[in-house]
Amino acid sequence: MHEDARQRDAADPLADYRERFILPEGVIYLDGNSLGALPRATPDRLAEVVRGEWGEGLIRSWNSAGWIDLPQRVGAKIAPLIGAEPEEVIACDSTSVNLFKLIAGALSLKPGRKVVLSEPGNFPTDLYMIDGLEKQGLAQRRLAPRNELVGALDDDVAVLLLTHAHYKTGELFDMAALTRAAHDAGALVLWDLSHSCGAYPVDLNGCGADFAVGCGYKYLCGGPGAPAFAYVARRHQQALRQPLTGWMGHSAPFEFSDDYSPASGVDQMLCGTPPILGLAALEVGVDLVTQIGVERLYAKSQALSEFFRHCLSELGVSLDVVSPTDLAQRGSQLSFRHRDAFALCQALIARGVIGDFRDPDILRLGFAPAYLRFADMAEAARHLAEVLDSGEWRRAEFSERAAVT
Ligand SMILES: *Cc1c(COP(=O)(O)O)cnc(C)c1O
């Protein structure tokens, strides 16, 4: 198993990219799907922005350092990763806030329809954002299990909101087929790409998607709380109206007019002043992902997760896999169901193998392919086997919960 891993690492065309990240000694990081690792170039870039652009340039940097265009510039760089045109993507706000703007915006394009359809067990913020709009009287939430979604698309549905790769299981939706089904029913589609952007090749325009949002701090390695992004298909940009009509989304913010008039294009998605430090860090991550190439990242993440499963079976570990075993149906993670998944996860973290736990019984291991080695898979599998065999996860200290799991 370890020799096999060594050979795979030697043959891995992405092996050298590990050096482009700062990773702590002795840690096997299987949680890049929750917070991406730190690119080696980020601290220097941030120091440059802080000391030079902010410290020296002061307010002049809005123009001289191009701060004012940073949301568009980073958005344009994200666009090719998700099959969009540069003018269709903007980096701004959080995924949650972008969901709010785009669900409401999509509803405004479908007068007479109020239903926002999603699946039970979708990422909480996606469902809560629909709830919020429902409480305002603007939306009506409808949930249907994945195999009943198409049947639930009737004349009342304005928007179908789905997360492309499920956060808990990694299961993928067929983006092309569901987008078509929604359009056939007269509805619009909003895709949450938080668990696919940067790890899986996405083709929004090829699928005819309408809207999308995605996260900057997972596979894009933008850092904790990095700005998210929003995609608006060009054909909707003229008519779309989003409700957070802040001054940065105005057509001429520096005319300081009393009345709002939306900027043209995707710029209308902006609300307040862009967070420059966050965007600068995100840009480094996006540049790195772009340089490695999303197709190659996807191929490697598949190889890593399959090799991990192979190692587990060599070690005689049998855990209940809740992720699809069919590679074509899963994103970049493997999730296992275990009654004591929380304690298992903590015992692994104590050994330097960092994955995460998702309530109530899921141990989630992510295979962020830019910085993981096949040797890490063999080691992580060995640790998992030892933790299970020894029963060390039963120790009381591994059952104590912190605020973030
Ligand atoms: C991580 C994630 C988010 C994050 O939303 P925030 O507003 O950044 O907290 C949203 N949706 C999905 C599916 C996610 O996985």
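The account below begins with the ligand site and then turns to the protein around that site.

Analyst: This is a predicted model, and the description that follows should be read on that basis.

The ligand sits in the largest pocket. Two elements each give two or more residues to the shell around the ligand, namely α5 (95-108) and α6 (124-135). The residues that surround the ligand are Ser 94, Thr 95, Ser 96, Phe 123, Thr 125, Asp 126, Thr 163, Asp 192, Ser 194, His 195, Tyr 217 and Lys 218. Sorted by class, this shell comprises seven polar, three charged and two nonpolar residues. Phe and Tyr are both counted as nonpolar in this sorting, whereas Asp and Lys are counted as charged.

At Ser 96, a polar atom of the side chain lies 2.5 Å from an oxygen atom of the ligand. Tyr 217 also contributes through its side chain, where an N or O atom is 2.8 Å from an oxygen atom of the ligand. Thr 95, in turn, takes part through its backbone: an N or O atom there lies 3.5 Å from a ligand oxygen atom. Of the 390 Å² of accessible area that the ligand has on its own, the protein covers 87%.

The setting of this site is a protein with 13 helices and 15 strands. Its C-alpha atoms fill a box of roughly 70 × 60 × 40 Å along the principal axes. The radius of gyration is 22 Å, which agrees with the value near 22 Å that a compact globule of 405 residues would have.

Some backbone features complete the picture. Most peptide bonds are trans, and most residues other than glycine have a negative phi. The bond from Asp 359 to Pro 360, however, is cis, with omega near -5 degrees. Pro 360 belongs to the loop between β14 (356-358) and β15 (362-366). Leu 58 is not a glycine, yet it has a positive phi of about 45 degrees; this residue lies in the loop between α2 (42-56) and α3 (61-64). Phe 256, likewise not a glycine, has a positive phi of about 50 degrees, and its place is in the loop between α9 (234-237) and α10 (276-292).

Definitions and conventions: Residues numbered from 1 in each chain as written. Predicted model: local features only at pLDDT ≥ 70, side-chain atom pairs only at ≥ 80, totals over all residues. Heavy atoms only, no water. Near = heavy atom within 4 Å. Polar contact = N/O pair within 3.5 Å; in protein donor to acceptor, adjacent residues only side chain to side chain. Areas by Shrake-Rupley, 256 points an atom, 1.4 Å probe, with all protein chains shown as cover. 1 Å grid on protein atoms, 1.4 Å probe; cavity = no way out; pocket = protein on both sides within 12 Å on 5 of 7 lines; lining within 4 Å. Sits in = over half its atoms within 2 Å of the grid points. Helix = DSSP H or I, 4+ residues; strand = E, 2+ residues; numbered from the N terminus. Rg over C-alpha atoms; globule rule 2.2 N^0.38 Å.
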